[in-house]
Amino acid sequence: MDIQEYIQSGIIESYVLGLASAEEAAELEQLSLQYPEVQQAIDDFADKLEREAMANAIPPPVGVKERVLSALFVDQTPEAPIIPLPGTAAEIPTATTEDTAAPVIPQAPTSTVKRLRTWKYLAAASIILFIVSGAVNLYLYNQYSEKNEQYISLLNDRNTLQANNDIYQTTIRDLQTANAMMTDPAMAKINMAGVKNAQDAAMVLWDTRSKDVYLVNNKLPTPARGKQYQLWAIVDGKPVDAGMVDENCNTICKLKNIPQAQAFAITLENLGGSPSPTIEEMYVMGKI
């Protein structure tokens, strides 16, 4: 395995963003244990996402802290808790004429008030942190969505380019094959003379050794919907089906094996072919 090509395939980004399938994730985790560069690539991309998130962090709206504190501490003086006096009612002395002073009521301990204030500050801090965390999470989600869309778009572009490249490579190979066949002295080359404005639109190559027939498509007119070209071999004056021309036959395509023939012709038939040619729809014909 080319580990650098694997790293550059996009699997690292899919794994960190949570888009990789279970099989892809398992394979990547296994390779990260074998190849330090794979683990380094995972760490680097994760660090990059974190740096981008922190660099573009959105601060909470101005005044949030003041409004929260104002709502929590409108009245910061807590009511003193009622603490029962020790003893029973019988033990509480009754005021007399000699002692008219009011009894002293114990006040709430200072530590209790401090604890209440501390809890209020902690509650306010928790709400502020919750608001800030929500703003950060919203920003990170938006960044993730944007990066995910960009990543999917890049993958689609890459797949499109790969598909176009595959088509190009196939065309190159077909052209090379056609060129080799046309220079092969064992190949009979039958130029198909146009019948319906299709001059030089096709050529038949007939292998005199294997008897295989090939069609070099020099751009036959695009058939109408529901129609398809059909090749015929003229054997002893009678047409013999030599195969249907596939719509994807843009350069060269192999048709049927024809042991003997005196000529070839192409007609336009209904999709799937016909048991006998439609003479009115003959496009090209060539004699061997």
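## Exercises on charge and ring contacts

The model contains four salt bridges, a salt bridge being a side-chain nitrogen of Lys or Arg within 4 Å of a carboxyl oxygen of Asp or Glu. This is a predicted model, in which local features need pLDDT of at least 70 and side-chain atom pairs count only at pLDDT 80 or more, while totals for chains, interfaces and linings use all residues. Residues are numbered from 1 along each chain as its sequence is written, and side-chain values use heavy atoms, with hydrogens and water left out.

**Exercise 1.** Find the network that joins Asp184, Asp207 and Arg209 through shared partners.

Step 1. Arginine 209 forms a salt bridge with aspartate 184, with 2.8 Å between the closest N and O atoms. Arginine 209 lies in the loop between β3 and β4 (212–217) and aspartate 184 in the loop between α5 (110–182) and β1 (187–191), so this pair ties together parts that are 25 residues apart in sequence. Helices (H or I, at least four residues) and strands (E, at least two) are DSSP runs, numbered from the N terminus.

Step 2. A salt bridge also joins the side chains of aspartate 207 and arginine 209, at 3.2 Å from N to O.

Step 3. Classify the accessibility: buried means under 20% relative accessible area, exposed over 50%, and partly exposed in between (1.4 Å probe, protein chains only). Arginine 209 is exposed at 55%, whereas aspartate 207 is buried at 9%.

**Exercise 2.** Describe the salt bridge between aspartate 212 and lysine 254.

Step 1. The N to O distance between the two side chains is 3.5 Å.

Step 2. Aspartate 212 belongs to strand β4 and lysine 254 to strand β7 (residues 252–257), so the pair ties together parts 42 residues apart in sequence.

Step 3. Aspartate 212 is buried, at 14% relative accessibility, and lysine 254 is exposed, at 51%.

**Exercise 3.** Classify the two aromatic pairs.

Step 1. Rings of Phe, Tyr and Trp (its six-membered ring) pair if their centres lie within 6.5 Å; planes under 30 degrees apart count as stacked, over 60 as edge-to-face and the rest as tilted.

Step 2. The ring centres of tryptophan 206 and phenylalanine 264 are 6.3 Å apart and their planes stand at 70°, so the pair is edge-to-face. It links distant parts of the chain, with tryptophan 206 in strand β3 (residues 202–207) and phenylalanine 264 in strand β8 (residues 263–270), 58 residues apart. Tryptophan 206 is buried at 8% relative accessible area, and phenylalanine 264 is buried at 0%.

Step 3. Tyrosine 229 and tyrosine 283 form an edge-to-face pair, with 5.4 Å centre to centre and 85° between the planes. This pair also links distant parts of the chain: tyrosine 229 is in strand β5 (residues 227–235) and tyrosine 283 in strand β9 (residues 282–287), 54 residues apart. Tyrosine 229 counts as buried at 5% relative accessibility, and tyrosine 283 counts as buried at 14%.
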